[in-house]
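This report goes through a single protein chain, from its annotated spans to the contact between its parts. Please look over the sequence and structure before reading on.

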Amino acid sequence: MADLRILLVDDHPVVRAGLRAMLTELEDFSVAAEAADGDAALRELARLRTLGERVDVVLMDLQMGARMDGVTATAAIRQLESPPPVLILTTYDTEADILAAVEAGASGYMLKDAPPEQIRQAVLSAAAGLTALAPKVAALLMSRISSPETALRTREVQLLELLATGLTNRAIARRLFISEATVKTHLVHIYGKLGVDNRTSAIALATQRRIIRTPGQ
């Protein structure tokens with residue numbers, strides 16, 4: 001069987017070197033190219049296609065400094081003709097990050113502290129067109145499915161993220177292209193689901209429950 005060719009996307013050279021070493025030690029894997037951010041990943045995909053070389057799986061980090069992040073890059077890759085599957089490999093395990101990646105079209109979501117064999121299986125699953133989720137991620141998504149009445153909707157999670165940055169209702173409305181009245185309605189639903197009555201408590205509880213990242217993270 002031909003090696004599965006992987007594009008590594010991570011802004012830390014040391015992390016990329018570690019991933020390359022791990023993957024090349026695993027049977028049937030090879031690293032086709034590396035990229036430090038989403039823009040570079042798109043350029044590498046275009047370059048490899050021009051050379052007639054394939055990429056079977058993109059292994060994508062989420063946060064890459066001020067450059068194009070993993071969610072934006074994933075969405076852009078999925079718009080390509082016959083795009084390769086994108087497997088997220090990150091340190092972030094919040095509901096906001098997971099939902100954003102899934103909505104962008106990621107085939108899977110793994111955490112960087114996973115054992116090499118788990119990552120290997122995830123890459124194989126992604127290459128085969130299957131979903132690959134870290135156990136913690138799978139449990140979170142199953143919890144949302146089993147308790148839809150208390151699960152925050154994607155838009156509510158997005159709003160919570162913006163709330164945590166200190167934006168006003170008006171600023172949030174502009175950012176999400178909705179009215180201030182709609183923002184207030186979302187806040188009522190968020191407060192009700194979280195069992196709080198103000199934005200400070202909502203942010204604190206959402207951070208504690210790993211719905212959103214700690215502000216500034």
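## Basis of the description

Helices (H or I, at least four residues) and strands (E, at least two) are DSSP runs, numbered from the N terminus. The model is predicted: local features need pLDDT of at least 70, side-chain atom pairs count only at pLDDT 80 or more, and totals for chains, interfaces and linings use all residues. Residues are numbered from 1 along each chain as its sequence is written, and side-chain values use heavy atoms, leaving out hydrogens and water.

## The HTH luxR-type span

An unreviewed UniProt entry lists residues 145-210 as "domain: HTH luxR-type"; such annotations may be inferred rather than shown by experiment. This span is 70% helix and 0% strand, with its end C-alpha atoms 17 Å apart.

Helix H7 covers residues 154-164, and its buried residues (under 20% relative accessible area, 1.4 Å probe, protein chains only) include Val157, Leu160 and Leu163. The buried residues of H7 pack (contact means heavy atoms within 4.5 Å) against H4, H8, H9 and H10. After H7 comes Gly166, with a positive phi near 90°.

## Two domains and their contact

An automatic or database assignment divides the chain into domain 1 (4-144) and domain 2 (152-209). Five residues from each domain take part in the contact.

Domain 1 and domain 2 bury about 400 Å² between them, counted as accessible area (1.4 Å probe) lost on being put together, summed over both. Of this area, 51% is on carbon and sulfur atoms. H4 gives the most to the domain 1 side, with four residues.

Conventions. Buried < 20%, exposed > 50% of the residue type's maximum accessible area, 1.4 Å probe, protein only. Buried area = accessible area lost by both parts, 1.4 Å probe.
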